[in-house]
Amino acid sequence: MPEFLDDDDRYLRWVSDNPTGFVLNVRRNPGANYTVLHRATCGSVTRPRDEGAYTARGYRKVTADTVEELRRYTRSLGRADGSFSGACGHCDPLGG
């Protein structure tokens with residue numbers, strides 16, 4: 001499960017190469033209170049921005065092929081039920 005910190009170029013290559021994948025937006029120092037799920041194709045986490053906007057300046061990205069992989073990650077942060085603090089309303093990563 002790739003995790004990207006201070007490496008926008010590598011992160012953007014991953015989302016481009018994995019259009020059916022998922023992205024978890026977390027704070028630079030991850031914690032259970034901020035874990036927002038997106039699809040890898042979501043403009044919220046892929047549209048062109050200034051350098052460092054994705055994986056620096058207070059945030060990192062955790063990526064995976066499946067939502068279940070990211071649920072395991074949130075459990076490791078203390079979300080015992082594997083939930084997310086939010087799911088993007090634009091890309092609807094949970095389908096509904």
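The structure is a predicted model. Within it, arginine 79 sits in the loop that runs between helix α2, residues 67-76, and strand β5, residues 86-87. Although arginine 79 is buried, it has no salt bridge, and the nearest side chain of opposite charge, that of aspartate 81, is 5.0 Å away. A polar atom of the arginine 79 side chain does, however, lie 2.6 Å from the backbone oxygen of alanine 32. When residues up to four places away in sequence are not counted, arginine 79 touches Ala32, Asn33, Thr35, Thr74, Phe84 and Ser85.

Threonine 74, one of these contacts of arginine 79, belongs to helix α2. Threonine 74 counts as buried because its relative accessibility is 0%, where the cut-off for buried is under 20%. Leaving aside neighbours within four places in sequence, threonine 74 is in contact with Leu24, Thr35, Gly82, Ser83 and Phe84, as well as with Arg79.

Strand β4, which spans residues 59-64, is mostly covered, with 5 of its 6 residues buried. The table lists the pairings of this strand.

| Strand paired with β4 | Sense | Bridges |
|---|---|---|
| β1 (residues 3-4) | antiparallel | 2 bridges |
| β2 (residues 22-27) | antiparallel | 6 bridges |

How values were computed. Residues numbered from 1 in each chain as written. Predicted model: local features only at pLDDT ≥ 70, side-chain atom pairs only at ≥ 80, totals over all residues. Heavy atoms only, no water. Helix = DSSP H or I, 4+ residues; strand = E, 2+ residues; numbered from the N terminus. Buried < 20%, exposed > 50% of the residue type's maximum accessible area, 1.4 Å probe, protein only. Lys, Arg positive; Asp, Glu negative; His and termini not counted. Salt bridge = Lys/Arg side-chain N within 4 Å of Asp/Glu carboxyl O. Polar contact = N/O pair within 3.5 Å; in protein donor to acceptor, adjacent residues only side chain to side chain. Contact = heavy atoms within 4.5 Å. Pairing = 2+ DSSP bridges.
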